[in-house]
Amino acid sequence: MSAAPIRIKGFTNEVLSWKPWLDPVDVAAATPAQLAALDEMSPQARTSPYFLLLAHQPEMLLQRSIAFNAIMFAPGGMPRAERELGATVESRVNGCVYCASVHAQRFEQLAKRNDVILQVFEEPASAGTTAREKAIVEFSIRLGAEPDKVSADDVRMLKEAGLAELEILDLIHSVALFAWANRLMLNLGEPVFPAAAS
């Protein structure tokens with residue numbers, strides 16, 4: 001795996017910042033409900049502009065965090081790296097540069113490689129280093145773009161590529177989560193690249 005940052009067509013695996021277009025919650029003045037919702041997400045949420053913005057609606061953030069953690073971190077089922085691949089593909093297709101960078105990094109940490117991330121950033125439709133990866137990527141694109149047209153044939157394609165039913169369910173949840181989360185993030189702020197952060 002190359003240590004050099006990937007920068008392809010506006011997408012990157014670098015650590016980005018994110019700038020909200022509205023004022024985030026001041027963590028020093030946050031209510032107990034807001035702090036509880038932030039802590040449900042992760043220890044870093046209290047310093048994240050995105051989660052501090054979502055904390056204006058603590059119940060929404062709490063439910064979002066419970067769903068996110070269950071979908072992305074639940075034991076069993078699809079390997080975490082493949083859940084991250086589904087999230088990266090969906091974010092790439094939706095144009096969510098920030099989410100694509102975060103989940104590309106998670107894939108790389110878990111899989112110890114970034115060859116498929118290079119492919120996803122370059123041209124998602126043809127990405128995948130194995131038949132299984134190609135099936136995961138193809139299904140992720142199709143489910144995000146045309147969920148009403150996903151059929152038994154699409155599920156059969158995943159099974160033929162070696163995915164078990166629980167793995168397919170995890171992939172559906174991962175893609176669906178990011179189909180929603182990307183649109184939320186894209187409407188609330190913008191990514192900030194390292195060179196422009198200062």
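**Exercise 1.** Work out the handedness of the crossing of α4 and α7 in this predicted model, and how the two helices lie to each other.

*Solution.* Start with the handedness: α4 and α7 cross in a right-handed way. On the α4 side, the contact is made by Glu82, Leu85, Gly86, Val89, Glu90 and Val93. The α7 side brings in Arg132, Glu133, Ile136, Val137, Ser140, Ile141 and Gly144. Next, look at the axes: they come within 9 Å and cross at roughly 45°. Angles under 35 degrees would count as roughly parallel, and 65 to 115 as roughly perpendicular. That's why α4 and α7 are called oblique to each other.

**Exercise 2.** Take Arg132: is this residue buried or exposed?

*Solution.* First, find the residue: Arg132 sits in helix α7, residues 131–145. Now check its relative accessibility, which is 18%. Buried means under 20%, so Arg132 counts as buried. Then see what Arg132 touches, skipping neighbours within four places in sequence: Pro79, Glu82, Ala161, Gly162, Leu163 and Glu167.

**Exercise 3.** Check the span of helix α3, then find where its buried residues lie.

*Solution.* Helix α3 has 16 residues, 58–73. At 1.5 Å a residue they should span 22 Å, and the end C-alpha atoms are 21 Å apart, so the two agree. Now for burial: Leu61, Arg64, Ser65, Phe68, Asn69, Ile71 and Met72 are the buried ones in α3. Looking down the axis of α3, you'd see these buried residues within an arc of 170°, so they line one face of the helix. And what covers them? The cover includes α1 (32–41), α2 (49–54), α4 (80–94), α5 (97–111) and α9 (165–188).

Definitions and conventions
Residues are numbered from 1 along each chain as its sequence is written. This is a predicted model: local features need pLDDT of at least 70, side-chain atom pairs count only at pLDDT 80 or more; totals for chains, interfaces and linings use all residues. Side-chain values use heavy atoms; hydrogens and water are left out. Helices (H or I, at least four residues) and strands (E, at least two) are DSSP runs, numbered from the N terminus. The expected span of a helix is 1.5 Å times one less than its number of residues. Buried means under 20% relative accessible area, exposed over 50%, partly exposed in between (1.4 Å probe, protein chains only). The arc is that of the directions from the helix axis to the C-beta atoms. Contact means heavy atoms within 4.5 Å. Axes are lines fitted to C-alpha atoms, for helices over the stretch in contact, and angles run from 0 to 180 degrees between N-to-C directions. Angles under 35 degrees count as roughly parallel, over 145 as roughly antiparallel, 65 to 115 as roughly perpendicular and the rest as oblique. A crossing is left-handed if the near helix is turned anticlockwise from the far one by less than a right angle, and right-handed if clockwise.
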